[in-house]
Each structure stands twice: as structure tokens, then as C-alpha cells.
Amino acid sequence: LGTNHLAQEALTTYSCHWNVARMPAMTRQFAMPLLLLVAFAPFVDAASSGESSAMNPIRKVVTMLQAMQKKVTEEGQKADDLFEKYECYCKSSSSDLSASIEAAEVKTAELGTSIEGDSSKKAKLEEDLKSHQEERSAAEA
């Protein structure tokens with residue numbers, strides 16, 4: 001029997017227990033190699049055949065799946081760490097932003113009163129200037 005025939009037989013045998021067609025695409029992508037691994041496990045005995053475990057194709061698949069699992073776990077941990085840092089940043093920046101807004105509101109009120117005072121001072125200086133110009137014109141005449 002060829003390898004393709006064994007793979008097809010394994011898929012047929014094990015797919016009756018799992019409805020492979022109804023699985024999401026991502027699940028099928030990882031389920032198929034695992035299904036083949038389970039199907040071929042009884043047929044392969046690396047110790048009795050004299051092959052080294054590094055040359056065993058099933059061992060290669062298992063090693064690859066373990067490496068993928070390790071990589072996914074590491075990426076998940078990195079994502080969790082980044083999320084915690086972002087969450088901390090959001091909390092601290094919102095308090096900083098609130099403090100900045102309060103300071104700006106206080107400064108806006110102070111600047112409003114300062115503008116009113118400066119406007120009245122400007123009006124007084126314009127009146128003084130006008131009166132001094134009139135006095136100078138009267139003195140020249």
C-alpha cells in the first residue's frame with residue numbers, strides 16, 4: 001500500500017469521528033497534520049527499524065508541531081506583555097491628561113481676567129493719549 005492510500009484510509013477512518021468538513025479552516029489546518037500523525041503512529045517504530053529519531057518523518061512532524069506550539073506560546077506571552085504595558089500607559093496617560101486639562105482650565109480663567117484688566121488699561125491709555133494730544137495742540141496754538 002502506498003503512503004497516499006494510507007493517508008486517505010486514515011482520514012476516512014478518523015474523519016467519521018470528527019466532522020472535518022464542519023471545522024473552521026484554521027482548525028482543519030492544524031487538525032489534519034495531527035490526524036495523520038495519529039494515523040501513522042502505530043505503523044512507525046523507529047527503535048525496531050534501526051533509524052535514528054532525527055531521520056524519522058513522524059518525529060520531524062512532532063518536532064515541528066512542538067516548535068510551532070512553543071512559538072505560538074511565546075507570541076501569546078509577548079502579546080499579553082504588550083497589552084499590560086498599553087493598559088498601564090492608558091491609565092497613566094489619562095490621569096496626566098486630566099491634570100493637564102484642569103491646569104489649562106484654571107489658566108484660561110486667569111487669562112480671561114488678565115485680558116479684561118489689560119483691555120481697561122489700554123482704554124485708559126488711549127484716553128490719556130488723546131487728552132495729551134489735545135493739550136499739545138492747544139499749547140502750540
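Of the 141 residues of the chain, 10% count as buried. Buried here means under 20% relative accessible area, exposed over 50%, and partly exposed in between, with a 1.4 Å probe and protein chains only. The model is predicted: local features need pLDDT of at least 70, side-chain atom pairs count only at pLDDT 80 or more, and totals for chains, interfaces and linings use all residues. Residues are numbered from 1 along each chain as its sequence is written, and side-chain values use heavy atoms, with hydrogens and water left out. The accessible surface of the chain is about 11800 Å². Carbon and sulfur atoms account for 60% of that surface. Areas were computed by the Shrake-Rupley method with a 1.4 Å probe; for residues, only the protein chains shown count as cover.

The chain has 4 helices and 0 strands. Its elements run α-α-α-α from the N terminus on. Helices (H or I, at least four residues) and strands (E, at least two) are DSSP runs, numbered from the N terminus.

Helix 4 spans residues 57-140. I58, V62 and L65 are buried in this helix. I58 also takes part in a contact at the helix start. There, a side-chain oxygen of N56 comes to within 3.1 Å of the backbone nitrogen of I58. A polar contact is a pair of N or O atoms within 3.5 Å; within protein, one must be able to donate a hydrogen and the other to accept it, and residues adjacent in sequence count only if both atoms are side-chain atoms.

Side chains of opposite charge can pair when their charged atoms come close. The count is 2 salt bridges, each defined as a side-chain nitrogen of Lys or Arg within 4 Å of a carboxyl oxygen of Asp or Glu. One joins the side chains of E126 and K122, at 3.7 Å from N to O. Both residues lie in helix 4, 4 residues apart, about one turn of the helix. E126 is partly exposed, at 45% relative accessible area. K122 is exposed, at 52%. Another salt bridge joins E140 and R136, at 3.9 Å from N to O. Because E140 and R136 are 4 residues apart in helix 4, about one helical turn separates them. Both E140 and R136 are exposed.

The structure holds 0 disulfides, a disulfide being a pair of cysteine sulfur atoms within 2.5 Å. The cysteine sulfur closest to that of C88 belongs to C90, 9.3 Å away, which is too far for a bond. C90 is likewise in no disulfide. C90 counts as partly exposed because its relative accessibility is 30%.
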